[in-house]
Amino acid sequence: MVMNKTELKKLQVKEVLEMLENDFNAQIEDNGDGGRLDIDINGFHGQFSRRDLDVAFWDTTKLSGGGWSKEQIQRQKDAVALEAGVNGAIQERLKQLTGLAFQG
């Protein structure tokens, strides 16, 4: 099946959103932003970018200075690990889709 760029992008977004819901039990909500969707995975909140096809969680922000509790430090580390894992899974799925889209 040969696709144009628009068809491929629509397929990629659809497939990635289904993967997030099925594999990561993601709760996804269209916030009306158009290019971004709100996402929640295991209590970590963030956004999915339709353009970049990636997930960014709010809790991945680097903690600077002192005064952070052990729990806050661990939550930030857990968010970074989850974000890396989710985005890695997205990239793997996109590789599969790209291979299928350009086979004729």
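The legends below describe close-up views of one predicted model. In this predicted model, local features need pLDDT of at least 70 and side-chain atom pairs count only at pLDDT 80 or more, whereas totals for chains, interfaces and linings use all residues. Residues are numbered from 1 along each chain as its sequence is written, and side-chain values use heavy atoms, with hydrogens and water left out.

**View 1**
Helices (H or I, at least four residues) and strands (E, at least two) are DSSP runs numbered from the N terminus, and two strands pair if DSSP finds at least two bridges between them. S1 is joined to S2 (residues 36-41) by 4 bridges, with Asp38 in S2 as the bridge partner of Glu29.

Asn4 caps the N-terminal end of H1, a side-chain oxygen lying 3.0 Å from the backbone nitrogen of Thr6, while just after H1 Asn25 takes a positive phi of about 55 degrees. Among the buried residues of H1 are Leu8, Val13, Leu17 and Leu20, buried meaning under 20% relative accessible area, exposed over 50%, and partly exposed in between (1.4 Å probe, protein chains only).

**View 1. The hairpin of S3 and S4.**
S3 and S4 pair in the antiparallel sense over 4 bridges and form a hairpin with 4 residues between them, where Leu53 in the turn has a positive phi of about 55 degrees. Ser49, in strand S3 (residues 44-49), counts as buried at 2% relative accessibility, and its bridge partner in S4 is Asp54. A polar atom of the Ser49 side chain lies 3.0 Å from the backbone nitrogen of Asp52.

**View 2. Val55 on the covered face of S4.**
Val55 belongs to strand S4 (residues 54-57), whose covered face holds Val55 and Phe57 and whose uncovered face holds Asp54 and Ala56. Val55 counts as buried at 2% relative accessibility, and, not counting residues up to four places away in sequence, it touches residues including Leu20, Ile39, Phe48, Val86 and Ile90 (contact means heavy atoms within 4.5 Å).

Lys14 and Glu18 form one with closest N and O atoms 3.2 Å apart, and, being 4 residues apart in H1, they are separated by about one helical turn. The closest N and O atoms of Arg50 and Asp30 are 3.9 Å apart; Arg50 lies in the loop between S3 and S4 and Asp30 in strand S1, so this pair ties together parts that are 20 residues apart in sequence. Arg75 forms a salt bridge with Asp59 at 2.8 Å between the closest N and O atoms.

Terms used
A polar contact is a pair of N or O atoms within 3.5 Å; within protein, one must be able to donate a hydrogen and the other to accept it, and residues adjacent in sequence count only if both atoms are side-chain atoms. A salt bridge is a side-chain nitrogen of Lys or Arg within 4 Å of a carboxyl oxygen of Asp or Glu.
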